[in-house]
Amino acid sequence: MTSGLNVLKTIKLYMNGEFVRGESGKYSTMKYYNSDKHYAHITLGSRKDFRGAVESSHAAQPGWSGKTAYNRGQILYRMAEMMEGKRAEIISVLKDTNGLSEKEANAEVDGAIDSFVYYAGFSDKYTSLVDNINPINGPFHNFTSSEAMGVTVLVCEKKLNLGRFAAQMSAIICGGNSCIALLSENYWSVVASLGEVFATSDLPKGTINILATTNNELLEWFAGHMEVKAVSFQDQDEAAIYKVKEWGIDNMKRIILPRKDALCLEMISDYLEFKTSWHPIGF
Amino acid sequence: MIKKTSKTKKPVKAVKTVKVVKAEKKSKGFKIDYSPSLEGTSIVTIKPRNELFIGGKFVAPKSNKYFDTVNPATGEKISELALANKDDVDSAVKAARHAYNGEWGKMSGKDRGRLLFRVARILQERAREFAVLETLDGGKPIKESRDVDVPLAAQHFFYHAGWADKLDYLAPNKKVSPVGVCGQIIPWNFPLLMAAWKLAPALACGNTVVLKPAETTSLTALLLADVFNEAGFPAGVVNIITGAGETGAALVNHPDVNKIAFTGSTDVGKLIAKSIAHSNKKLSLELGGKSANIIFADAAIDQAIEGVVNGIYFNQGHVCCAGSRLLVEESIVDEVVKKLQRRLDMIRVGNPLDKNTDLGAINSLEQLNKINELVDLGKKEGGDFYQSSSPLPKKGYYFAPCMFSNVTSAHTLNRIEIFGPVLTIQTFRTPDEAITKANDSRYGLAAGIWSEKGSKNLKIAGALKAGVVWVNTYNKFDAASPFGGFAESGWGREGGRHGLFSYLKID
């Protein structure tokens, strides 16, 4: 005998590999699109949650960047597989909460899957394209190799665009960085589904953390955090960009602004540091 | 090319006497007599007064003001430099914009390359003149200006000349274009070389430039202006303005500048970043460092000692990537310190024009005072202080090389950049401890590793948070080798393929 009543999903933050409620107890009530009908309470991340996410992200980063490029590629590919498995669920959520048509919602999922696959295939190739052996004027083996910057905060654009979100996320972690994604209102209904994709893709816990936040609420805190090495600021709000640039100066954060093309090599190299090593050649 | 006529400079008396901190522990000395071997200065003519280089011409400043520039080896004034004010900066930016929108902007990469090749060749032809002027103006030993600064500057132009018509290879499937008008501000430690590091890639990429050399060392940059004219560059492609902080600030804040490139201290770099945060100007920064030089017990010790000496005492320690923090494996620390002390006493401090001189003059009185203050502070904080017994010239700005062994990570001299010939020495027991201590810095510019074990070197080099890692060598530079730091040591790279991205838009 079934009860006829659905089990509703509680939408939580995805932190350190777990689904948790925000510590502050702050939430936002979400309705069905163009309706007064209750959809869900969205738990919102606080400053303290953010600091916790940085700790988890910092702890995860060496392990993640230490994996082989092939392994990172397989995990990125598994993200595409998990996303495919959640296609119906995400389409339904986006129709209910964001008012997307079936076709539009499908396109969102397609965009995300395309991005995951694109960068899955890049993880063991980008170094061939961006690293270098430098022809030095002397008896030295001199090479420039890329490495991850470290903890990176991804601030999504306000408009829902799962393809661009997945591309940014994939480009960041493809290079061995760990990532804290701050998702604004249009993404809130899919926070749980995205978290489930990452939670089931064999990513080491803490490699990706996802917080739902109100617009710009955490701006000063993530831009000023000394353990955050880079900020991917995809929001087009110019005033906010200027503030983030200013607050990030204390530890000389790398502030990365949107690129037109979400699928390209430069997206990965935006999040890489380059180290040049000199070794003498001789007996 | 017309050779400059020589002019004998009258010896002048020191304006200020300089107090040098006395060593707490001086060595017994290591005495070798060297006959002086002075480089002649007749090849250089220093104009008594230098104007601004704007729109291809030397022009008097609108400010009507000039300031003195001194030879730090004697403390005497050698010339006057024009002080560029806001209006002068505006004229320079306008000239650069005019060139960018005009002849230069329309020129092919091939022709830009041709002009840059000419600059490289002219620099090689006039190398001795540049080396002597660099030493007179900045106090660095002639053997360094002659063998390092000038040849590397020429190489930078030669290397980047070849890129000018090959930029499309940098980003396949993308449109590559110049950024526009670049404002470049350079430091006093490698005046000509830094000008080359800044100008060569910017011009190869098709930008135009307003360059501001440091106020204490502007003469070789101004002589370089002459080279650009000889090479036949269109007017306004390169503009050189002289002045101090206010001039730099006017350049940074000029609304028609598209990009700022700065090399200097982290504090000033942060000020620049802040002042243009509310704009869309592109910014690259090559800032300070507190680089670790690590010696393992399995190193070739004598080679390592030479590397440490070159790492910290090269160019009076006025090197952003100087190996100022020595980390020594505990089991060999006594041997290393003893050998270093012996080697320290063999460093010849003296007249920079003498070809025997290893350590020349400190670049300015201000810098000498800073080094003295920091060393005094270091002595108060503890550690074993040792200073070379090398006699110092009676006038001019000199500082005998020194080191502090037995210091902790928290010691101030281990935390902040001194920019002088001052080494600190700590020990470690395990490779992990060496990595932790090396990375325990807000900077991330460079590092050195000394060990004969290849696999260990690769492991440690990978773990160090630094943009340049020298293994069994130190302080090597090359136009093809990207240079720049992690963390608070800056944004972007200079040199090599990677350095070009600082001067390009990729769409």
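Among contacts in chain B between residues at least 6 apart in sequence, what percentage join residues at least 24 apart? The share is 74%, where a contact means that the C-beta atoms of two residues, placed from the backbone, lie within 7 Å. The model is predicted, so local features need pLDDT of at least 70 and side-chain atom pairs count only at pLDDT 80 or more, while totals for chains, interfaces and linings use all residues. Residues are numbered from 1 along each chain as its sequence is written, and chains are lettered from A and ligands numbered from 1 in the order in which they are written.

**View 1. Chain B as a whole.** Chain B holds 16 helices and 20 strands; helices (H or I, at least four residues) and strands (E, at least two) are DSSP runs, numbered from the N terminus. The radius of gyration of chain B, taken over C-alpha atoms, is 22 Å, close to the 23 Å that the globule rule gives for 507 residues, so chain B is as compact as a globular protein of that length. That rule is 2.2 Å times the number of residues to the power 0.38. The C-alpha trace of chain B spans about 65 × 60 × 40 Å along its principal axes.

**View 2. The buried side of helix α9 in chain B.** Helix α9(B) covers residues 266–275, and its buried residues are Thr266(B), Gly269(B), Ile272(B) and Ala273(B). A residue is buried if 20 or more other C-beta atoms, placed from the backbone, lie within 10 Å of its own. These residues lie on the same side of α9(B) because they cover an arc of only 120° around the axis, the arc being that of the directions from the helix axis to the C-beta atoms. Their cover includes α8 (245–252), β10 (259–263), β11 (282–286) and β19 (490–491) of chain B.

**View 3. A sheet of 3 strands in chain B.** The sheet is open, with the order β1-β5-β4 and mixed pairing; two strands pair if DSSP finds at least two bridges between them. Its edge strands, β1 (49–50) and β4 (66–71), each pair on one side only. β1(B) pairs with β5(B), residues 76–82, in the parallel sense over 2 bridges. Arg49(B) stands opposite Glu80(B) in β5(B).

**View 4. Where chain A touches chain B.** Here 25 residues of chain A are in contact with 33 residues of chain B. On the chain A side, β12(A) gives the most, with 8 residues. Ser277(A) has Val469(B) as its bridge partner in β18(B).

Note on methods:
A residue is buried if 20 or more other C-beta atoms lie within 10 Å of its own, exposed if 12 or fewer, and partly exposed in between; C-beta atoms are placed from the backbone.
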